[in-house]
Amino acid sequence: MKKIIGPVKTLLAAVLLVSCAKVQEPALLPLPKQVEYTGGSIRAGAPETLSIVESIPEAVLNENEAYRLTIDKAGVQIEAVTEHGVWNARQTLRQLTQKGRIPCCRIVDWPSFRVRGWMMDVGRTYVSLEELKREVEVFSQFKANVFHLHLTENEAWRLESKRYPQLNAPESMLRQPGKYYTQDEMRELDAYCRERGVTLIPELDMPGHSSAFDRALGFGMQTPEGKAVLKELLDEVFDTFSETYIHIGTDEVAFSDTWLIQEMVAYIRAHGRKALSWNPGWPYRAGEIDGLQLWSSRGEAKVGIPAVDCRLHYVNHFDLFGDIIGLHTSTIYGQTEGSDGIAGSILALWNDRYLTNEENILKENNLYASVLALADRAWRGGGYQYFDDFGTVLPDEGPAREDFLDFEKRMLAYRGTALRDVPMAYVAQGQARWVISPAYPNGGDLEKVFPPEEGAWETDRVVTGSGIYFRHVWGPEEVAGYYRDPQPDHTVYARAIVRSPRRQTVGLLFETQDYSRSERDPMPPQGAWDFRHSRLWLNGAEILPPEWVGNTGRADRQEPFGNANCTGRAPLQVTLDKGWNEILIKLPVGAFSTPEYRLVKWMFTCALTTPDGRAAAEVEYSKTPDR
């Protein structure tokens, strides 16, 4: 039975709205479950019928977000079980509309996983309300539906407390003193999320990551006084945020009061809310918490508690090009669709390292592209690995390769519309091909010269992409790179032969150690790309790094972070000759943990872009080692 809840526009004008003209199939993101294009198109603004129905039988999962969308000569018909399904249908309709026309089609769609979200750590680094709202606005268009806001940290307590204003006092904060969100601002954000089908989850981390609490109040959370204050602070959270879920942290802490967590969960539940927690964290049994957010490879789902996979989804460790391949091609917790026990996934952006430029926070963490990769995968389900098969390196052929390249094309189709004004450094990498040499033992001599550097090229294999890990920061047992068993004290070379249609200046994104935003490693020495003697040549001429802005050398690890990441600075400007050009990169490695880098990333990023960095350069990569 249908209930018609939307007005139907007069059909008188419909005669003028239908056309047999063909339109290009739009770049839908995420891809719907079922799409059938039936031919022809109608003009945007056609009559619309909106119906709330009892069920959508085709939707085998998450029917509350499912919808059926029909576009034909009668106009637009939307059917959904809930208002959330209506929201999802309207986002697909928005994507279908091109140049004032909508292709005739039938779509039945529903998400494979019910949680598809992102987390922003604003406790360590304040992010403007305007930016938070922009993320909600953009990501909700692509059906991301959960925004986890990490509001408290050792550095600062960012949520206004009217009962304990000393928590927000500048002297209680170690970073950006005095910057916090008022309760009214959070109510505004809460309403903004609700209007766009997004669940806003506030987090007060307890009892770990709570030095700001201790400084402000003079006692810790694991005391009778601390627990009493936490309950009052939760009262303020209940009054500020409308959604059901409250996140209470519990990670990375030694518990001295073994009743604290049970008391807080009971208090939250007594107020009609539900509690979420990190895992590893407090050792909950079935039914003792309403959801677990899994972090690190040690996070494990538990029977009787819904789990959200966040284990290898820390974008603060991601590079620009390689990690998004691993993210999009991977399953969620090894599952191809959701269940009662596996709810979905959240990407986490941790601001451990202080970046003063808000735009750089988003670009260096590749937040926008990464969230869209997760939104596409978690909605569609499926996947081809769990980061540890081919990992971050695209297979030479097969469905995983084609799927990722299709996602990239669909995402970048929005670069001029929904993604036009967002800070996003990602450009197409599917055209980039690199010939990789064998790995030469260097005996610890990182300056040692090998045949490719002397003009005698030897080939191991050809790989696709603009960012190649030889060894991932988390190691091959967690995330696979080029080598299954990478060995220290080796040197490898990468070579690309690139044809330019004319002599042209292009941008160059290049780095050999993407600096994780959770590590306090020193900047490279001036005049060097890294501490490993990596080098770069274009047509035989060496390209030197820019002047590093920030703290360089081994000893000085102070904040803020500088411009070492290629996404944290303007692209270098280089000139390509008309015809064929050669790029050669030398990549030595010694130990995988050094005084300079706690976690050595044996890798490179190299992408040719337009001079402004907004798109891939107009070039052609050779598919062979030769021209």
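Two strands pair if DSSP finds at least two bridges between them. Strands (E, at least two residues) and helices (H or I, at least four) are DSSP runs numbered from the N terminus. This is a predicted model, in which local features need pLDDT of at least 70 and side-chain atom pairs count only at pLDDT 80 or more, while totals for chains, interfaces and linings use all residues. Residues are numbered from 1 along each chain as its sequence is written, and side-chain values use heavy atoms, with hydrogens and water left out.

**View 1. The open sheet β19-β26-β21-β24 is antiparallel.** Its 4 strands are listed in that order. β19 (467-471) and β24 (572-576) are the edge strands, each pairing on one side only. From one strand to the next the twist averages 25°. β19 pairs with β26 (residues 602-609) in the antiparallel sense over 4 bridges. Within this pair, Ile468 stands opposite Phe604 of β26.

**View 2. Trp474 sits in the loop between β19 and β20 (490-500).** Not counting residues up to four places away in sequence, Trp474 is in contact (heavy atoms within 4.5 Å) with Leu312, Tyr314, His317, Phe318 and Val479. Trp474 and Lys601 are separated by 127 residues in sequence, and their C-alpha atoms are 8.9 Å apart.

**View 3. A barrel is closed by 8 strands with parallel pairing.** The strand order is β8-β9-β10-β11-β12-β13-β14-β15. On average, neighbouring strands are turned by 30° against each other, direction ignored. β8 (residues 115-121) and β9 (residues 146-150) pair in the parallel sense over 5 bridges. Trp118 stands opposite Phe147, a residue of β9. Two helices pack on this sheet: α5 touches β10 (199-206) and β11 (245-249), and α6 touches β10, β11 and β12 (274-279). The direction of α5 makes about 170° with that of β10, and the direction of α6 makes about 170° with that of β11. Axes are lines fitted to C-alpha atoms, for helices over the stretch in contact, and angles run from 0 to 180 degrees between N-to-C directions.

**View 4. Helices α5 (residues 224-240) and α6 (residues 260-270) cross at roughly 30°.** Two packed helices are described by the angle between their axes and the distance between the axes. Here the axes come within 11 Å. α5 and α6 are therefore roughly parallel to each other; angles under 35 degrees count as roughly parallel, over 145 as roughly antiparallel, 65 to 115 as roughly perpendicular and the rest as oblique. The crossing of α5 past α6 is right-handed, meaning that the near helix is turned clockwise from the far one by less than a right angle. From α5, the contact uses Lys227, Leu230, Lys231, Leu234, Asp235 and Phe238. From α6, Leu260, Glu263, Met264, Tyr267 and Ile268 take part. These residues divide into 7 nonpolar, no polar and 4 charged. Ala, Val, Leu, Ile, Met, Phe, Trp, Tyr, Cys and Pro count as nonpolar, Asp, Glu, Lys and Arg as charged, and the others, Gly among them, as polar.

**View 5. Helix α3 (residues 183-195) packs with α5 at an angle of about 45°.** Their axes are 9 Å apart, and α3 and α5 are therefore oblique to each other. Gln183, Met186, Arg187 and Asp190 of α3 make the contact with Glu236, Asp239 and Thr240 of α5. By class, the contact residues are 1 nonpolar, 2 polar and 4 charged.
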